Amino acid sequence: MRIQEKDFYYGAALAQIVDYPSHTSINRVSDKNGLYLINDETKLFIKYSAADNEEWRFTFKPDDFDDLSEELEYYLALVCAGNTICLLSNNEVDEIIDTDSDSSQWIAVNSSSSGQHKVRGSNGSLSKLVPQNAFPKKMFSDVSKQQKPFAWPELSKINIYSLSYRCTISTTDR
């Protein structure tokens with residue numbers, strides 16, 4: 001079987017997911033290129049741009065988001081040539097493009113020297129910068145709809161005291 005260009009870019013993203021400690025499984029969702037189910041609960045849609053520029057542009061056809069149902073959270077991984085991967089949540093995608101549109105949409109990613117991505121789309125710019133190191137960590141650290149009833153409240157703090165060992169453990173992590 002001949003290796004296609006897309007295999008290199010999808011492989012770059014999938015290799016980082018496989019190396020992440022919270023990873024348990026990756027499955028194809030459909031015959032659509034670049035659509036995967038991560039850990040049986042999160043969909044990941046990978047698009048790539050092979051252009052070696054300071055700005056990478058991604059075009060989306062009207063049916064690109066058809067397999068991304070509302071019952072599962074999804075992320076969009078934008079592989080920017082061999083340079084970086086920009087990860088957007090479904091809420092961030094909805095902020096910059098209309099996924100229900102009958103016409104093509106686009107997203108542009110600019111990488112800065114500060115380690116942040118500036119992202120804009122057909123409907124405007126993303127309200128915040130996206131850290132270059134967000135992929136794949138953000139996919140595993142965000143609380144999904146299914147996990148929300150069982151998650152610790154944000155900014156909660158747990159203190160554990162032990163008199164016998166004279167140690168204190170304190171954390172604000174989830």
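Here is a short chat about the strands and a helix in a predicted model.

Biologist: Hi! In what order do the five strands of the open sheet come?

Modeller: Going across, the order is β1-β2-β3-β5-β6, and the pairing is mixed.

Biologist: Which strands stand at the edges?

Modeller: Those are β1, residues 26–28, and β6, residues 84–89. Each has a single partner strand, so one side of each has no neighbour in the sheet.

Biologist: And how many degrees does the twist average from one strand to the next?

Modeller: It averages 30 degrees.

Biologist: Which helix packs on the sheet?

Modeller: Helix α1, residues 5–18, does that. It touches β1, β2, β3, β5 and β6, and its direction makes about 140 degrees with that of β3.

Biologist: Nice. Changing topic: which strand is joined to β4?

Modeller: That is β7, residues 105–111, which runs antiparallel to β4, residues 55–60, with six bridges joining them. There, threonine 59 has tryptophan 106 in β7 as its bridge partner.

Biologist: How many bridges do β7 and β8 pair over?

Modeller: Five, again in the antiparallel sense, with β8 spanning residues 116–121. Asparagine 110 stands opposite lysine 118 in β8.

Biologist: What do β7 and β8 form, and which residue in the turn has a positive phi?

Modeller: They form a hairpin with four residues between them. Glycine 115 in the turn has the positive phi, about 85 degrees.

How values were computed. Residues numbered from 1 in each chain as written. Predicted model: local features only at pLDDT ≥ 70, side-chain atom pairs only at ≥ 80, totals over all residues. Heavy atoms only, no water. Pairing = 2+ DSSP bridges. Helix = DSSP H or I, 4+ residues; strand = E, 2+ residues; numbered from the N terminus. Axes fitted to C-alpha atoms, helices over the stretch in contact; angles between N-to-C directions. Contact = heavy atoms within 4.5 Å.
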